[in-house]
Amino acid sequence: QGFALSNIEQTPFATPPLVLNKRFLMYFFLESEASPTGVKITARNYATDLALEYNINIEKDSIFLSLTAPEIIHKMAARTMIRDLEEGGSRFSLNQINKAEFEVQNQINEEIVRLGVKYQIASSQTSFIAVDNTNWSEIASEKTQDDASFA
């Protein structure tokens with residue numbers, strides 16, 4: 001509601017069957033800073049043609065105000081999207097069937113790198129190196145001086 005669908009990317013791209021007593025998380029990436037005013041969730045049982053709809057008013061039911069580290073949600077969403085990309089369930093794999101396989105794989109790898117770097121997530125295409133900038137020779141000499149003063 002109040003938002004263009006072309007600006008939204010969901011992960012997982014293909015929704016798996018929803019099963020009783022199983023948790024399912026779906027994330028949405030928005031290209032702009034604006035957010036939708038509401039979301040309508042529809043679950044459909046295709047065997048019985050029974051549908052359940054639930055409307056969520058974002059302004060009224062906002063749950064992110066109490067989070068102390070809201071960026072963790074972004075990292076979880078990015079990790080889920082990277083998993084989709086790595087496992088072949090992304091929009092690149094499922095929507096671009098007519099493209100050459102190496103072109104699609106290059107796009108997938110570029111997207112994995114973009115998400116991994118942006119959200120600082122290790123993946124099949126990204127890794128991170130921890131750098132310790134501590135000057136250990138200064139610390140060792142201070143420790144030696146402290147030990148000598150106690151003697």
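Helices (H or I, at least four residues) and strands (E, at least two) are DSSP runs, numbered from the N terminus. This is a predicted model, where local features need pLDDT of at least 70, side-chain atom pairs count only at pLDDT 80 or more, and totals for chains, interfaces and linings use all residues. Residues are numbered from 1 along each chain as its sequence is written, and side-chain values use heavy atoms, leaving out hydrogens and water.

**View 1. Ser 90 sits in the loop between α1 and α2.** Is Ser 90 buried or exposed? Ser 90 is buried, at a relative accessible area of 4%; buried means under 20%, exposed over 50%, and partly exposed in between (1.4 Å probe, protein chains only). If you skip its neighbours within four places in sequence, Ser 90 is in contact with Phe 13, Asp 84 and Leu 85, contact being heavy atoms within 4.5 Å.

**View 2. Here is the whole protein chain, with four helices and four strands.** The protein chain has 151 residues, and 19% of them count as buried. Take the contacts between residues at least 6 apart in sequence: 43% of these join residues at least 24 apart.

**View 3. Strands β3 and β4 form an antiparallel pair.** Strand β3 covers residues 38–45, strand β4 covers residues 50–57, and eight bridges link them; two strands count as paired if DSSP finds at least two bridges between them. Look for Val 39, whose bridge partner in β4 is Ile 56. The hairpin has four residues between the strands, and Asp 49 takes a positive phi near 60° there. Asn 55 also belongs to strand β4 and is partly exposed, at 49% relative accessibility. Along the chain Asn 55 and Gly 38 are 17 residues apart, and their C-alpha atoms are separated by 7.1 Å.

**View 4. Helix α3 runs through residues 101–119.** From first C-alpha to last, its 19 residues reach 27 Å, close to the 27 Å expected at 1.5 Å a residue (the expected span is 1.5 Å times one less than the number of residues). Which residues of α3 are buried? They are Val 104, Ile 108, Glu 111, Ile 112, Leu 115, Gly 116 and Tyr 119. These cover an arc of only 130° around the axis, so they lie on the same side of α3; the arc is that of the directions from the helix axis to the C-beta atoms. An α-helix has 3.6 residues a turn, so residues three or four places apart point the same way. The buried residues pack against β2 (27–30), α1 (71–87) and α2 (91–95). Over on the other side of α3, Phe 102, Glu 110, Val 117 and Lys 118 are exposed. Just past the helix, Gln 120 has a positive phi of about 55°.

View 5. The rings of Phe 29 and Tyr 119 have centres 6.1 Å apart and planes at 55°, so the pair is tilted. (Rings of Phe, Tyr and Trp, with its six-membered ring, pair if their centres lie within 6.5 Å; planes under 30 degrees apart are stacked, over 60 edge-to-face, and the rest tilted.) Phe 29 is in strand β2 and Tyr 119 in helix α3, so the pair ties together parts 90 residues apart in sequence. Phe 29 is buried at 15% relative accessible area, and Tyr 119 is buried at 14%.
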